[in-house]
Amino acid sequence: MALLSVLSLCVQYQTAQGTVRAVDDVSLELEAGETVGLVGESGCGKSTLGKAIMRLVPATDGKVVLDGEDITRLEGAGLKAARRTMQMIFQDPYGSLNPRHDIGTSIGQPLSVAGWSRHDIRERVAELIAQVGLPADAARRYPHEFSGGQRQRVGIARALALRPKVIICDEPVSALDVSVRAQVINLLQDLQERTGVAYLFISHDLSVVEHVSDRLIVMYLGRIVESGRSEDIWQQPAHPYTLALLAAAPVADPKLARSRRKTVLQGELPSPLNPPQGCSFHARCPMAQERCRTERPMLGQLSGGRAVACHYDLLAQPAELPRALSAAR
Ligand SMILES: Nc1ncnc2c1ncn2[C@@H]1O[C@H](COP(=O)(O)OP(=O)(O)OP(=O)(O)O)[C@@H](O)[C@H]1O
Ligand code: SF4
Ligand SMILES: [Mg+2]
């Protein structure tokens, strides 16, 4: 059994404008020690999915099973224990660090909540500080004394404090300078090798998650449109939206990046308040056919653990794909 199983999870937000279906019938699995990348444009429901798995927002429907236990409706001590097994790190570690607390207090906070003694907390904090590559005197210093990359290391140390089996990383490097991103990603990979922790790695940028992920999940407007082994998807995307995301992945020349994005991914993400009929990608899809406007494609299983929700068989168009990809890249 997988370490984490998400089964037909739905999350709806009630707003003054109506019901937002932020996560709509999403199922996924995470095995011990692996990294699954979760990608999609801003607003497609990635953070909501992560928070619903963590029980930080309530699920409207579906189940989250962690280590064999259904945690979807746990409360009190049971929920507290589940949260020890699973942690989350965010894009902006500064926002989650109390500026008046020294780093040692911030990293040790989950330990003190869990009832550890002061002596044990001090020892574990020192160990964590070394593990994430912060200077030895970091415990007594304050958040403003650190760079963005170092603050993310603090966030990672805190998430690791109780030796979780799963960490949900929500855009952990998106706010960092490009030069620091690789260091933080290397740290996450190194920690995974040492501790066996599994990551659900969320990013709007396919190029960030592609090489750290064993598998990828692509979301569009609250639903999974494609999933499979990372290298398979990178080499041969099966969904036109994945193809468009690949095309939108950053390239060195910003002018070229802008023009590519425009040609490949046209139009805005439709409102989740009023999702389109049929395939939710149809208004922006270069391969759209008549039935795409009325008939929603189901997520169908292909060979090799691949799944795709599309009426058009992109993989069966060996002549079409290289042309589409080279136009895209
Ligand atoms: N608390 C909330 N109340 C109402 N609507 C919300 C709330 N949080 C998110 N939404 C809406 O739910 C949808 C999914 O948002 P979410 O933040 O999960 O997307 P995301 O993929 O993480 O985007 P980003 O890349 O910008 O972080 C969006 O339409 C968003 O406006
Ligand atoms: S189902 Fe149709 S509109 Fe949707 S992605 Fe496939 S080809 Fe495009
Ligand atoms: Mg988000």
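## A quick tour of a predicted protein model

D25 is found in strand 2, which covers residues 18-30; helices (H or I, at least four residues) and strands (E, at least two) are DSSP runs numbered from the N terminus. This is a predicted model, where local features need pLDDT of at least 70, side-chain atom pairs count only at pLDDT 80 or more, and totals for chains, interfaces and linings use all residues. Residues are numbered from 1 along each chain as its sequence is written, chains are lettered from A and ligands numbered from 1 in the order in which they are written, and side-chain values use heavy atoms, with hydrogens and water left out.

**How confident is the prediction?**

- The protein chain averages a pLDDT of 90, and 91% of the residues score at least 70; pLDDT is the predictor's confidence in each residue, from 0 to 100.
- Over residues 259-263, though, the pLDDT is below 50. Beyond near neighbours in sequence, that stretch has five contacts in the model, a contact being heavy atoms within 4.5 Å.

**Positive phi angles**

- D25 isn't a glycine, yet its phi is positive, at about 60 degrees.
- With a relative accessible area of 41%, D25 is partly exposed. Here, buried means under 20% relative accessible area, exposed means over 50%, and partly exposed is in between (1.4 Å probe, protein chains only).
- L221 is another residue other than glycine with a positive phi, near 50 degrees.
- You'll find L221 in the loop between strand 9 and strand 10 (223-229), and at 7% relative accessibility it counts as buried.

**Salt bridges**

- A search of the whole structure turns up 16 salt bridges; each is a side-chain nitrogen of Lys or Arg within 4 Å of a carboxyl oxygen of Asp or Glu.
- One of them joins the side chains of K165 and D67, at 2.6 Å from N to O. This pair links distant parts of the chain, 98 residues apart: K165 is in the loop between helix 6 (148-160) and strand 7 (166-170), and D67 is in the loop between strand 4 (61-66) and strand 5 (69-70).
- K165 counts as partly exposed at 38% relative accessibility, and D67 counts as partly exposed at 45%.
- E127 and R163 form a salt bridge too, with their closest N and O atoms 3.8 Å apart. E127 lies in helix 5 (residues 118-131) and R163 in the loop between helix 6 and strand 7, so the pair ties together parts that are 36 residues apart in sequence.
- In that pair, E127 is partly exposed at 41% relative accessibility, while R163 is exposed at 56%.
- R291 pairs up with E295 in a salt bridge whose closest N and O atoms are 3.0 Å apart. R291 is partly exposed at 37%, and E295 is partly exposed at 36%.
- There's also a network of salt bridges linking R21, D24 and R223.

**L216, a residue in a strand**

- L216 sits in strand 9 (residues 215-220) and counts as buried, at 1% relative accessibility.
- Leaving out residues up to four places away in sequence, L216 touches G37, L206, V209, E226, S227, G228, S230 and I233.
- L216 and T105 are 111 residues apart in sequence and 36 Å apart in space, C-alpha to C-alpha.

**G196, a residue in a loop**

- G196 is in the loop between helix 7 (178-195) and strand 8 (198-203), and it's partly exposed, with a relative accessible area of 36%.
- Not counting residues up to four places away in sequence, G196 touches A32, G33 and L191.
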